[in-house]
Amino acid sequence: QVQLMESGGGAVPAGGSLRLSCAASGDTPSIRYLAWFRQRPGEEREGVAVIYTIGDRTYYADSVKGRFTISQDNTKNLLLLQMNGLKPEDTAMYYCAADTLTPIMTAAQALGGKTYNYWGQGTQVTVSS
């Protein structure tokens, strides 16, 4: 079992920055992929960024490339998402997710979200224009 808890959301003006954190606990050595997803009201969940925990390979949605950076702090079992140059369209609930079962995924699979078996409760990000 893995538990995930997000923090760091908030309200910022366009162009601002936020850093989201996701604290992982439980059977953390079993985690293969860690990811951030987001969901706007009335829309489907969208993959934002993924990190492969063995080797630090990363994948990003086109909409956030060059603005967001995903990283992991293994000593603290933390997943981080540094968000710079925020836009109003980044407003959403952001969720942390972990996959402990899938050995290898393509970028599309990793950002697709269908294989993740653990999810956090989410943290709200609001960007005003």
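This is a predicted model: local features need pLDDT of at least 70, side-chain atom pairs count only at pLDDT 80 or more; totals for chains, interfaces and linings use all residues.
Four strands form an open sheet in the order 1-3-8-7, and their pairing is antiparallel. From one strand to the next, the twist averages 15 degrees. Strands of a sheet pair through backbone hydrogen bonds, in either a parallel or an antiparallel manner. Six bridges join strand 3 (residues 18–26) to strand 8 (residues 78–83) in the antiparallel sense, and Ala23 is placed opposite Leu78 of strand 8.

One disulfide is found in a search of the whole structure, and it is formed by Cys22 and Cys96, with their sulfur atoms 2.1 Å apart. The torsion about the S-S bond of Cys22 and Cys96 is about -75 degrees, so the disulfide is left-handed. Cys22 and Cys96 are both buried.

Arg67 is located in the loop between strand 6 (58–60) and strand 7. With a relative accessible area of 13%, Arg67 falls under the 20% cut-off and is therefore classed as buried. A polar atom of the Arg67 side chain lies 2.8 Å from the backbone oxygen of Ser63. When residues up to four places away in sequence are not counted, Arg67 touches Gln82, Met83, Asn84, Gly85, Leu86, Lys87 and Asp90.

Technical notes
Residues are numbered from 1 along each chain as its sequence is written. Side-chain values use heavy atoms; hydrogens and water are left out. Two strands pair if DSSP finds at least two bridges between them. Helices (H or I, at least four residues) and strands (E, at least two) are DSSP runs, numbered from the N terminus. Axes are lines fitted to C-alpha atoms, for helices over the stretch in contact, and angles run from 0 to 180 degrees between N-to-C directions. Buried means under 20% relative accessible area, exposed over 50%, partly exposed in between (1.4 Å probe, protein chains only). A polar contact is a pair of N or O atoms within 3.5 Å; within protein, one must be able to donate a hydrogen and the other to accept it, and residues adjacent in sequence count only if both atoms are side-chain atoms. Contact means heavy atoms within 4.5 Å. A disulfide is a pair of cysteine sulfur atoms within 2.5 Å.
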